[in-house]
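Keep the structure in view as you read.

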Amino acid sequence: MGYLSFLRDNSRWLTGGFLLTFFSTFGMTSFIALSAGDIRRDYGLSHGEFGTLYMFATLASALSLPRLGQIVDRYSVRKVVLFVVPMLALASASMALSRHLVLLFVTIYLLRLFGQGMMVHAAYTATARWFSAQRGRALSAVILGHNAGDAVIPMGFVLIAASVGWRNGWLLATAALALIAVPAIALLVAEDRKPRSSDPEVPRIDARDWTRVEVVRDPVFYLLLLGVMAPGLIVTTLFFHQVYLVELRGWSLEVFASSFLVAAVVNAVFTLVVGLLLDRFSGVALLPFVLLPLGLACLLLGLVDAQWGAFGFMALLGISNGLSTTLFGAVWPEVYGLKHLGSIRALIVSAGVFASAIGPGLTGFLIDGGVSYPAQIVAMAIYCFAISFVLLLASRRIRARSQEQAIPVAVGV
């Protein structure tokens with residue numbers, strides 16, 4: 001089945017997943033940070049005070065995800081959507097109306113929990129269950145919602161906030177979630193996708209269905225988490241301190257900002273490429289390569305002083321994001337099966353959110369202590385290369401384990 005015909009025949013479910021990731025933008029740091037200056041002014045917070053509040057709210061959301069994320073195993077996708085998306089709309093409304101510091105904390109907690117956390121979790125888990133032989137290309141189509149959201153929503157909010165104020169901008173975000181996202185997504189995912197006779201033969205078999213208790217006792221799981229946590233920790237950290245890096249290098253902030261377009265284009269293209277690679281090979285086979293582009297990106301950014309280094313970094317980052325986002329959305333059924341995928345992925349998403357929360361603070365502490373920021377970026381590159389070797393070992397162990405499990409079936413035991 002060609003890619004276009006695949007999109008056409010499965011447009012209902014792919015569009016539903018796409019819209020989940022698209023509207024999850026309202027809970028992402030890149031979007032919330034657009035109001036950071038207004039929030040600090042209205043609440044009388046310093047940069048450090050707001051950063052600390054944001055970090056603890058994000059950590060609280062990470063701690064909540066393992067339990068809340070289990071609902072995707074217990075309820076239909078439609079029921080999950082009818083809970084998660086309205087909660088994100090409620091958080092958006094709270095941001096517009098809040099005047100108290102405690103309510104601000106709760107608001108950010110809800111934005112992070114239901115935006116970055118549950119919206120993305122529901123989209124990836126549902127897509128992994130709906131598709132098997134074409135899981136890679138399905139996930140790549142859904143993940144493009146992130147790219148579209150990043151391209152459209154922040155710019156639209158900036159223009160709206162400049163005209164009607166930042167709080168009214170959040171009210172309009174609430175309206176978009178309540179009046180567009182909720183009915184549209186609920187309608188699209190009202191029925192789960194069932195296997196069809198026209199689906200191609202599955203090139204691989206997913207693992208047996210592990211329980212979450214079994215997973216947390218599996219040493220391989222923690223090796224995989226070392227890889228999962230790296231993109232969130234590193235990318236969030238680099239973007240959080242981007243102005244400091246630009247000043248340190250003596251670069252033009254405007255030129256640096258223009259390099260984001262390179263990352264967006266490469267990311268979108270490579271997301272589709274990786275989807276096809278996953279369907280041809282497998283997520284486990286690609287695991288050893290997932291952090292190599294990010295390692296090269298950090299190495300370039302840490303060692304090159306010239307402004308062109310920013311564009312090289314963004315190109316490699318686009319490859320890294322396309323590879324890691326798609327791969328880490330697809331690999332888990334191959335390792336732990338589908339039955340308890342929601343509760344297992346909730347642990348994984350929680351670890352990613354936790355990493356994105358601690359990275360900026362830890363790096364800022366080291367900067368304050370006099371540790372060279374470019375040297376820290378090079379250390380991030382070394383970490384990526386080291387964990388790539390760890391993921392190679394994990395990949396071999398997973399494949400050996402799969403072969404061991406398949407032997408009784410082959411001999412009829």
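D305 is exposed, with a relative accessible area of 51%, while R249 is buried at 16%. Here, buried means under 20% relative accessible area, exposed means over 50%, and partly exposed is in between (1.4 Å probe, protein chains only). The side chains of D305 and R249 meet in a salt bridge, 2.5 Å from N to O. That term stands for a side-chain nitrogen of Lys or Arg within 4 Å of a carboxyl oxygen of Asp or Glu. This pair links distant parts of the chain, 56 residues apart: D305 sits in the loop between α17 (292–303) and α18, and R249 in helix α13 (residues 242–249). Helices are DSSP runs (H or I, at least four residues), numbered from the N terminus.

A quick word on the ground rules: this is a predicted model, where local features need pLDDT of at least 70 and side-chain atom pairs count only at pLDDT 80 or more, while totals for chains, interfaces and linings use all residues. Residues are numbered from 1 along each chain as its sequence is written, and side-chain values use heavy atoms, leaving out hydrogens and water.

How many salt bridges are there by this rule? The count comes to six. Side chains of opposite charge can pair when their charged atoms come close. Have a look at D38, R41, D42 and R167, which are linked in a network of salt bridges. R41 and D38 pair up at 2.9 Å, N to O, and both lie in helix α4 (residues 36–43), three residues apart, about one turn of the helix. D42 joins R167, with the closest N and O atoms 3.4 Å apart. D42 lies in helix α4 and R167 in helix α10 (residues 166–188), so this pair ties together parts that are 125 residues apart in sequence. D42 is partly exposed at 35%, whereas R167 is buried at 11%.

Now for the side chains tucked inside. I377, in helix α20 (residues 373–410), is buried, with a relative accessible area of 0%. I377 touches L238, L245, C298, L301 and G302, not counting residues up to four places away in sequence; touching means heavy atoms within 4.5 Å. L323, in helix α18 (residues 308–336), is buried too, at 9%.

Notes:
Helices (H or I, at least four residues) and strands (E, at least two) are DSSP runs, numbered from the N terminus.
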